[in-house]
Amino acid sequence: MEEQDKYIQALINLHIDLERQGPGDTNFSNHILSLIKELPVNPRIADIGCGAGAGTLFLADKFKSKVRAVDFSREFLSELINRAKQRRIEHLVEAIECDMGNLDWKPATIDLLWSEGAAYNLTFEGALKTWRPLMAANGIAVISEMNYFTTEVPEPVRVYWQKAYPTIGNESENANYANSSGFEILGIHRLPSKAWWDNYYGPLRENMNSFKHSEDRIMQSVIKETEEEMKLFEKYEKYYGYSFYIMKAV
Ligand SMILES: C[S@@+](CC[C@H](N)C(=O)[O-])C[C@H]1O[C@@H](n2cnc3c(N)ncnc32)[C@H](O)[C@@H]1O
């Protein structure tokens with residue numbers, strides 16, 4: 001296995017049994033949906049970068065409509081299918097193993113595009129431009145994006161994110177990308193930091209403890225990097241985090 005593949009495998013091993021593979025919160029998602037008034041009764045839904053399916057299962061349950069769930073990790077998708085079976089809603093989940101940058105779907109066929117913590121893989125602007133043609137007329141996109149909350153960012157935060165995500169922006173820059181990519185911003189809502197700790201970092205920390213004695217060198221470096229990421233967030237959470245962008249295709 002190539003070094004990069006081993007790194008991805010270590011990340012998958014650390015995250016596979018977690019409810020979420022990134023920060024999020026069901027109550028918060030419910031709140032976001034409550035703000036959207038313009039969806040058809042049986043919306044055509046996609047969850048892009050779905051991981052093991054926290055968003056997919058939530059949306060399938062909520063709308064009783066089929067969700068196209070896209071991820072390039074077969075392991076996450078089979079975990080999603082198992083979870084859907086346990087809830088007896090597997091008929092509402094279409095698991096699609098592919099690259100989110102390469103969706104060969106018919107244009108204008110998605111009424112609700114959902115993507116939590118995954119758009120950064122294409123950059124926020126890249127994701128908007130790539131996915132916009134998929135949106136049905138007046139379709140709604142809900143995309144969570146890691147971004148700065150302020151224009152003044154402390155040096156350690158800037159240095160960290162410059163390396164980890166060089167195209168990271170702030171909310172007003174991202175709103176400009178949305179406007180220039182064929183979307184109208186309906187709202188921008190920050191995921192509370194409590195959701196990071198309760199639903200993501202907390203359970204992830206338990207998994208890190210269980211891999212603490214692993215002899216896998218790459219797993220050890222993934223754990224060390226994740227600890228650094230957590231320390232940074234603990235100290236600087238008011239300067240950055242996930243914002244949920246609610247957008248209408250115009
Ligand atoms: C931070 S996780 C978020 C997962 C899920 N949305 C959640 O909130 O629990 C990002 C997901 O994007 C997937 N991913 C990364 N790059 C991808 C790509 N190019 N195509 C498809 N999926 C990708 C990863 O496998 C991972 O499941």
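Which residue in β7 is the bridge partner of Met 146? The bridge partner of Met 146 in β7 is Tyr 242.

## Basis of the description

This is a predicted model, in which local features need pLDDT of at least 70 and side-chain atom pairs count only at pLDDT 80 or more, whereas totals for chains, interfaces and linings use all residues. Residues are numbered from 1 along each chain as its sequence is written.

## The sheet

An open sheet of seven strands runs in the order β3-β2-β1-β4-β5-β7-β6 with mixed pairing, where strands are DSSP runs of E of at least two residues and helices are runs of H or I of at least four, numbered from the N terminus, and where two strands pair if DSSP finds at least two bridges between them. The edge strands, each pairing on one side only, are β3 (93-97) and β6 (183-190).

Strand β5 (residues 135-148) pairs with strand β7 (residues 240-249) in the antiparallel sense over nine bridges, and Ile 143 stands opposite Tyr 245 in β7. The pairing of β6 with β7 is also antiparallel, over seven bridges, with Ile 185 opposite Met 247 in β7. Nine of the ten residues of β7 are buried (20 or more other C-beta atoms within 10 Å of a residue's own, the C-beta atoms being placed from the backbone), so this strand is largely enclosed by the rest of the structure.

## Asp 71 in strand β2

Asp 71 lies in strand β2 and is buried, with 26 other C-beta atoms within 10 Å. If neighbours within four places in sequence are left aside, Asp 71 is in contact with Gly 49, Cys 50, Gly 51, Phe 76, Leu 77 and Glu 97, a contact meaning that the C-beta atoms of two residues, placed from the backbone, lie within 7 Å. The C-alpha atoms of Asp 71 and Ala 118, which are 47 residues apart along the chain, are separated by 9.5 Å.

## Helices α8 and α9

Helix α8 (residues 193-210) packs with helix α9 (residues 217-236) at an angle of about 150 degrees, their axes being 11 Å apart; axes are lines fitted to C-alpha atoms, for helices over the stretch in contact, and angles run from 0 to 180 degrees between N-to-C directions. The two helices, α8 and α9, are therefore roughly antiparallel to each other, a term for angles over 145 degrees.

The contact is made by Trp 196, Tyr 201, Leu 204 and Met 208 of α8 together with Ile 223, Thr 226, Met 230 and Phe 233 of α9.

Key
Angles under 35 degrees count as roughly parallel, over 145 as roughly antiparallel, 65 to 115 as roughly perpendicular and the rest as oblique. A residue is buried if 20 or more other C-beta atoms lie within 10 Å of its own, exposed if 12 or fewer, and partly exposed in between; C-beta atoms are placed from the backbone.
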